[in-house]
Structures are given as structure tokens and as C-alpha cells.
Amino acid sequence: MTEYTYELTIDCANKLDEQDELASYRQEFYLSASSIYMDGNSLGLLSKRAEQTLLDVLDDWKNLGIDGWMKGKHPWFHLSESLGVKSASLVGALPEEVMVTGSTTVNLHQLVATFYKPDGKRTKILADELNFPSDIYALKSQLQLRGFDPDTHLVQVKSRDGRFIDEEDVIAAMTDEIALIVLPTVLYRSGQILDMKRLTEEAHKRGIMIGFDGCHSVGAIPHHFHDWNVDFGYWCNYKYLNGGPGSVGGLYVHERHFGKEAGLSGWFGSQKEKQFDMNHTFTQAEAAGAYQIGTPHIMSLAPLIGSLDLFLEVGIKRIREKSLRLTDYLMWLIDQELADMGFTIGNPRDEKRRGGHVSLEHKEAARICKALKAENVIPDFRAPHIIRLAPVAFYTSFTEVWEVVQRLKTIMVEKKYEHYKNEREVVA
Ligand SMILES: *Cc1c(COP(=O)(O)O)cnc(C)c1O
């Protein structure tokens, strides 16, 4: 674990900014002059490059019409594939193992439809009780489609403390009744990183397929999906990857599964040269492209062209280094300034276990979040009592982190949160 030393002064924050190799990337983003954005793990901000590639695509539509599919500056027909190539290093995959297509939940449906093969006694799906609701809804409906009762066939590993999932408990639940395992890479509330390598090895020893939801890790931490032999993965591109609201999702399938019949077929899963033969016999693409379904949402792919260039330019290793430094500093400030105010840091402190955000627990969390917004700090709230704070490597400065904690301290000392109801907003 890296130990840093800080001082409790704004000068220290300024110094950290001066030493920051990524500081210049702040200028690449549209940041509000009046507020501090700490919610990049829910919706990443717009970069100028993402804006530009969206405008490029609009221009091609304006000027080329249908010909944009092949003759656009970023030919639409190959965009899911070319963005897959650009995303591959972020998940540690081969270029042909990744596709930018669908959405997180739709990709999960596709991958479960493809990889869940109930056989004899092996009919159950293993997940965890802290996973994101959409994933759980998808798994339950997939079980129902196959005629199984989700109450008996979805096994959810329990958390011992409501925050974390213990790998030992997951492994203990890998019985000979489990056909498929779906887990998050990083838990969306506590920010815990699961040991994907170990879980994959243990699943495979028992003949179980395993896939990961990378929504809270892709773009924030390095992954080695291919080398770890992870069977499949899926993630969204609007959180750490700054692809914009409703941005098209990502999926990964290990190359040893190439050729596996797609559970949900559609013509964009065709071999590219054959797609327009308009044959009623489906000729599936050889690589991860096979798991696409219909026409990609080009406008929601377009910002990613520019956004992913930023990630390629800097590389996930340097992004992770800065992110760790930012969250380390944030936690240090919380320890110093907010002690005895009822806060608990609910994320792992260990660098190997900590994702990209700090999970701050407080029984008044909902209204503390409202007070923060009134003080021009944008956090997010996760029921029942979590304030998530995500300083993002590309655009959050150390001075902002300092400022967030100062404002939070004022809110607590002056009890400003008492002006609000302790209830969440519709979109939290
Ligand atoms: C954000 C998120 C989703 C969202 O899924 P969409 O299909 O993009 O709405 C799903 N799972 C996890 C873990 C998430 O963090």
C-alpha cells in the first residue's frame, strides 16, 4: 500500500495539483465554474473531444445521408467494432473480444441467454445480494424464461456486514447446482473490488461459467479479463468513460467462446460481408461481434470515439494511479476534518480492494447530500445512508477535493443539513 503524507492546508492541495501529471486534462472537459462535480461514477462529464466526434457524426448524417454508413469520417457500419478495439485495453482483452453495443442490462440479457446452459442438476445462477437491481431483475427474468423459479434458482451470496462480499462466501456457494455466476467487478455502493482472478479460477475448477459487470470499474481501474480467463463481461460507457447519458454499452467474450451461438440473435451479429445478403439463415460473426443484436445507436456511440481517445492517450495505469491518490487524499481529509461527526468510510481502504469512489456513510446522508448540492458540490446518494464521492482522474483537482471536505465540514458544524428532509430525490 502506498503511504502518502499530507498537510492540512490548502497549500498542500495546490502542491498536489502542481505535481499532477494529468492536471492539463481538466481543460479537455466542460466543467462548471460554480460547482464541484463528484458524480463522475454515475454520469461522466462531457469532453471537448467527445463533443467533436458527436458533431462529426451529425455532419456526416447532414451531408452524406445513408452513405454515412460506409463513407462517414467514422464509418457507422464499423463503429461498434472499432470502438471495441479502442476499449480492449481498458478491460485487458484482445481487440476482437470487445464490442460496443447495446446497454448494460441488454448485454447482460444477451450474455446470460448465451452462456446459461442449465444441464441436469446444474440449473442455478449465482449472484450476490449487493448487486445493482437491474442485474438482479435481468437474472430473474432469464430464469423465468427457462421455466425456473427465481426464488429457488437465483442464489444470492450474502454480505457479512452489508458493505462487502467475501470471496470465501462466493466460493463456498459454488456448488454443483450452479451453472453460471454473475458478479460485479466493483460494488456500486461500497466500491469494493472483487478478486476476479481468484473467483474465475475457482469457478472454472468447478466447471462453472463466470461473467462480471464492469460498470463501476471500467475506466477507473485496470482489468485483465483475457488473462484471467473471465468468460464474459459487460459494462456501461456513461459512468467513468464519459460517453454521455444513455451511451451505448460494452461487452466482452473470451476468444475461446467464439463461435458459441448467440442466445439472442439479430442481423447486426452477422458477418459483416454477409449481413446485406438478406438471407434468412443467420451467418454469425466469428468474434464478439456475434453478440450484437440490431442497428447500433450511432448518436450514442459518437461521443465515445473522442472520449476513448483520451483513455488511450493516457492509459489506464496512470488514470488508476491518480485516482488512488485522489481517493487517498479525500479519505485522509475526511479522517482529519470530519472525525466524531457520525461519518464512517464504508469503502475498503486497501488499494487492491478500493475502486474509484469513496463511500461515506452517515445516518443523515440523504439530507447531507441536499445540503452539499446547495453548497455547489455534486455528490450522489445511495439508499439507505451512503454519500458517494467520486473524484475523477481526468477532471477533479486536489484543490476541489480539499474544498469538498471544507464545505462538508461547514454543513456539519452549522447543521445546515437540518433545513432539508432526509429523503432521496426521484433520481438520486
Ligand atoms: C449503472 C449500472 C447499470 C445500469 O444499466 P443500464 O442498462 O445502463 O441502465 C447496471 N448495473 C450496474 C452495476 C450499474 O452500475
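Helices (H or I, at least four residues) and strands (E, at least two) are DSSP runs, numbered from the N terminus. The structure is a predicted model, in which local features need pLDDT of at least 70 and side-chain atom pairs count only at pLDDT 80 or more, while totals for chains, interfaces and linings use all residues. Residues are numbered from 1 along each chain as its sequence is written, and side-chain values use heavy atoms, with hydrogens and water left out.

Arg367 is placed in helix H13, which spans residues 365-374. With a relative accessibility of 17%, Arg367 counts as buried; the term denotes under 20% relative accessible area, whereas exposed denotes over 50% and partly exposed the range in between (1.4 Å probe, protein chains only). The side chain of Arg367 forms a polar contact with the side chain of Glu364 at 2.8 Å. A polar contact is a pair of N or O atoms within 3.5 Å; within protein, one must be able to donate a hydrogen and the other to accept it, and residues adjacent in sequence count only if both atoms are side-chain atoms. The backbone oxygen of Tyr420 is also reached by the Arg367 side chain, at 3.0 Å. When neighbours within four places in sequence are set aside, Arg367 is in contact (heavy atoms within 4.5 Å) with Tyr417, Glu418, Tyr420, Lys421 and Asn422.

The chain is assigned a domain 1 (10-30 + 316-419) and a domain 2 (52-313), with bounds that come from an automatic or database domain assignment. The centres of the two domains, taken over C-alpha atoms, are separated by 29 Å. To the contact between them, domain 1 contributes 26 residues and domain 2 contributes 25 residues.

The nonpolar interior was examined next. A nonpolar core is a set of buried Ala, Val, Leu, Ile, Met, Phe, Trp, Tyr and Cys residues joined through side-chain atoms within 4.5 Å. The largest such core holds 63 residues, of which Met174, Ile181, Leu199, Phe225 and Phe394 touch the most other members. Elements that each supply at least two residues of this core include helix H4 (79-91), strand S5 (178-184), helix H9 (196-205) and helix H12 (316-337). Helix H11 gives the largest share, nine residues. Because domain 1 (10-30 + 316-419) and domain 2 (52-313) both give residues to this core, it lies between them. For Leu199, contacts beyond four places in sequence are made with Glu167, Val170, Ile171, Met174, Leu183, Leu194, Ile210 and Phe212. A second, separate core of 36 residues has Ile36, Leu326, Ala371 and Trp402 among its members. In soluble globular proteins, nonpolar side chains tend to be buried together.

An oxygen atom of the ligand lies 2.6 Å from a polar side-chain atom of Thr105. A polar side-chain atom of Asp135 is placed 2.8 Å from a nitrogen atom of the ligand, and an N or O atom in the side chain of Asp213 is 3.0 Å from a nitrogen atom of the ligand. On its own the ligand has 390 Å² of accessible area, of which the protein covers 85%; accessible areas come from the Shrake-Rupley method with a 1.4 Å probe, and for residues, only the protein chains shown count as cover. Thr104 is buried, at a relative accessible area of 8%. Neighbours within four places in sequence aside, Thr104 is in contact with Asp213, Cys215, Tyr234, Trp235 and Cys236.

Several loop positions complete the description. Gly92 lies in the loop between H4 and S2 and is partly exposed, with a relative accessible area of 21%. Outside four places in sequence, the contacts of Gly92 are with His223, His224, Phe225, His226 and Asp227. Most residues other than glycine have a negative phi, and most peptide bonds are trans. Met278, although not a glycine, has a positive phi of about 60 degrees; Met278 is located in the loop between helix H10 (272-275) and H11 and counts as exposed at 54% relative accessibility. Asn376, also not a glycine, has a positive phi of about 65 degrees. The loop between H13 and strand S11 (377-378) contains Asn376, which is partly exposed at a relative accessible area of 35%. The peptide bond from Ala383 to Pro384 is cis, with omega near 0 degrees, and Pro384 is placed in the loop between strand S12 (380-382) and strand S13 (386-389).
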